[in-house]
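Work through the exercises below with the model open. Each task is followed by its solution.

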Amino acid sequence: MAPWLVRTSSQLVRRAARRLLSPSQHRRHRAPAPWKLCSVPPVPRTTSPAAGGGLWEFCSVRRFTGDSSPAAASTAEDGLAGGELELDFPGGKVSFVAEMNFLPESQKERINCYRVLDDDGRTVSGSKFQEVSKEMALKMYSEMVTLQIMDTIFYEAQRQGRISFYLTSHGEEAINIASAAALSIDDIVLPQYREPGVLLWRGFTLQEFANQCFGNSLDYGKGRQMPIHYGSNRLNYFTVSSPIATQLPHAVGAAYSLKMDKKEACAITYFGDGGTSEGDFHAALNFAAVMEAPVIFFCRNNGWAISTPTAEQFRSDGAVVRGQAYGMRSIRVDGNDALAVYSAVHIAREMAITEGRPILVEALTYRVGHHSTSDDSTKYRPVDEIEHWRTARDPISRYRKWVQGNGWWSDSDESELRNSVRQELLQAIQVAERMPKPPLTELFTDVYDEIPSNLREQERLLRDAIKKHPADYPADVRV
Amino acid sequence: MPMATASSSLHGTAAALHGVGAAASSKPRSAAPVARSVRVAAAARGSGSARARGGMVARAAVAANAVAAAESKSGGHELLLFEALREALIEEMKADPTVCVFGEDVGHYGGSYKVTKGLAEMFGDLRVLDTPIAENSFTGMGVGAAMKGLRPIVEGMNMGFLLLAYNQISNNCGMLHYTSGGQFKIPIVIRGPGGVGRQLGAEHSQRLESYFQSIPGLQMVACSTPYNAKGLMKAAIRSENPVVLFEHVLLYNLKEKIPDEEYICCLEEAEMVRPGEHVTILTYSRMRYHVMQAAKTLVNKGYDPEVIDIRSLKPFDLHTIGNSIKKTHRVLIVEECMRTGGIGASLRSSIIDNFWDYLDAPIMCLSSQDVPTPYAAPLEDATVVQPAQIVAAVEQICQ
């Protein structure tokens, strides 16, 4: 055992104890004030080279962080000559302690949650948030309502057998719309699958949503993916890919590309509490921190991963505490508070872009709906829990109270909006349903950039088979 | 017939004009091996949209004069296979700022096999990126970067480690162009050394080309000479599709003279190594050298094998292979993959589907044993196909 382990300093023990016992004091010391918009001080870079100025210059020079000098190391080895109190180690100096101090598995208190609106839709006194114009506020509200109605009607359509599958974002409308509103169209979105609201915000029409769900010939995915796997390169929304958390490393790559292009934009990627268990989560956060990639990692902690509650998913205090383990700044917000989500993402985006760093945002919310149309969540969770979050903690009604409290919205506006969205949706579904499906030629295209000879051959064989036995194949599928 | 290793410029020219098919035509067989399939890049290199499409472009031959230089005594430079790969990387990275390299120890360490040596100094940390040890994640990062517009080259320190990246390779690399309806493309190159080396143990001696073969959306090539290593690497980088480039641990130090002029090799073409009349031997990567060694013995015994390095593992170059089978009517496949479910198994079935009527004998396939590669030298040697077995197989087929 190295001699330095048994050499200690009582001063360091006291310092460590103080850190444990007064978390608020520690936090004040540690984090810059997050809500002073333009005056957020960049965290001093202990490891940056002398190269000053440029936004993206910090990564162009190879850096070794705190190489331990041979002298210091050997001094530590052969008995701390002169009462050495610290070890010069890669990454920075490390102080010694006399006592064994296991870091506790959890803090005494859970990390606080940023909130702006109380349950009655009034701004909490003293709260700091990003102001929104009336126009923006109303757009946010009406898109939240649109998302809710879209989810309801498509879910019903699946129940009626008109589409094969659907999953809703009930309870997470604030997360969807408010986070989207805080981004620019140049920011790249890498969704999991419960974030169609982000696409809605950016201008994807209800007809376009319906086309994808019905997999018709107007679907941008050309009928290749199951419903809700939307994608739009025009709107910078990467096509949904089912495997959990695979989009996290993609986000790091996309952010990396933005960094190489020196763009004023970031990547944002969404995932649930369950996604934080995937290997890709750990590696992506680590990569983003090491590569100083401008990514916002947005965790929708909605309590459930299909039937697995968070207590069975992890033992940490949610996802937010893990940011620090990777050297990443993180924040916990009330996911059902539209203004809080908006403000947090706004600031996170600024930090990501101006400082070239990843940010972890954990939004606490609840998955009010079932996991998908293939799930009945009453089988594994109490109905009154679902009801409570569906009503008392509904993000839409809470935000509506605020908007109405400002005199910007009335009940008649409400019913008018709901009616028109409903009509538009039903119309879109009818149109999408009647639209023909993609022709068989689309079975073999886009596997590669151009169809190779072996696939042409397979297509030819299929066409011949259909010609020979037309009765065996559906009449309405064009060849 | 002795095997000449250099051909006159006349033959080189002819080869360029007719492509690999020349060997299978009724042209009288020369003493020299026909030049490998060559495509000389057009002098003017346009912007991204005008890049040579690595896809299924018609095999129009170009610039016979430039090809002659490949075979002529003047011009050309000698280098090792890993240097050829590096040369390709440097040329492509100079020409296109979106080309970048990700991998473990590729930056300042220069790569475990020195393929990326010096690149970080030339192009900076941002374009030659050292990643933490998480194959699935840096491959995923490559996918995301590619979808956004970069052209990443992902290096697996050993192809075996890329099994950890299988999720990203199969579920995303191969799929996202298709499932997004063509909206996002993934022009990524995934490369690394694989195959059985010298006593590197089971985990570092994997023969797993066939594991990736079924993945729709991928293209796969295997290089075997400095010439085709450079050509295939360049073509892979320029391709709009995800390409897996298999290198072999034991081939990195092969030396060869390659042209000074720019050239690429077609990703979908096989390479005629030695034209012949009696039997078609299909092989790739390291086994090519075992085959050529066996060919010496076979020639002394009076046989005339035609040796084709298939190079393109997905899709197979059935044009070249078919022309050869139509001539010789006998096929021997020699591969390093395992007997069960190997590249050979799938190639055999392709040949049967397409060229059954031209076969005079059952297709023979020599593969490695269905065992993890053992460490002990005699055991390791017995795991892969050796030249003596190839000779015996040819004798059996040609009875």
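**Ring contacts and charges**

Over residues 143-439 of chain A, the chain is 46% helix and 11% strand, with end C-alpha atoms 34 Å apart. Helices (H or I, at least four residues) and strands (E, at least two) are DSSP runs, numbered from the N terminus. The model is predicted: local features need pLDDT of at least 70, side-chain atom pairs count only at pLDDT 80 or more, and totals for chains, interfaces and linings use all residues. Side-chain values use heavy atoms, without hydrogens and water.

**Exercise 1.** Classify the pair A:Phe154 and A:Tyr166.

*Solution.* Start with the rule: rings of Phe, Tyr and Trp (its six-membered ring) pair if their centres lie within 6.5 Å; planes under 30 degrees apart count as stacked, over 60 as edge-to-face and the rest as tilted. The search finds 19 aromatic pairs over all chains. In this one, the centres are 5.4 Å apart and the planes meet at 35°, so the pair is tilted. A:Phe154 lies in helix α4, A:Tyr166 in the loop between α4 and α5, twelve residues apart.

**Exercise 2.** Are A:Phe238 and B:Phe184 buried or exposed?

*Solution.* Apply the cut-offs: buried means under 20% relative accessible area, exposed over 50%, partly exposed in between (1.4 Å probe, protein chains only). Both A:Phe238 and B:Phe184 are buried.

**Exercise 3.** How far is A:Arg393 from the ring centre of A:Trp389?

*Solution.* A charge sits over a ring if NZ of Lys or CZ of Arg is within 6 Å of the ring centre and within 35 degrees of the ring normal. A:Arg393 lies over the face of A:Trp389, 5.1 Å from the ring centre. Likewise, the charged end of B:Lys114 sits over the ring of B:Tyr109, at 4.6 Å from its centre.

Note on methods: Residues are numbered from 1 along each chain as its sequence is written. Chains are lettered from A and ligands numbered from 1 in the order in which they are written.
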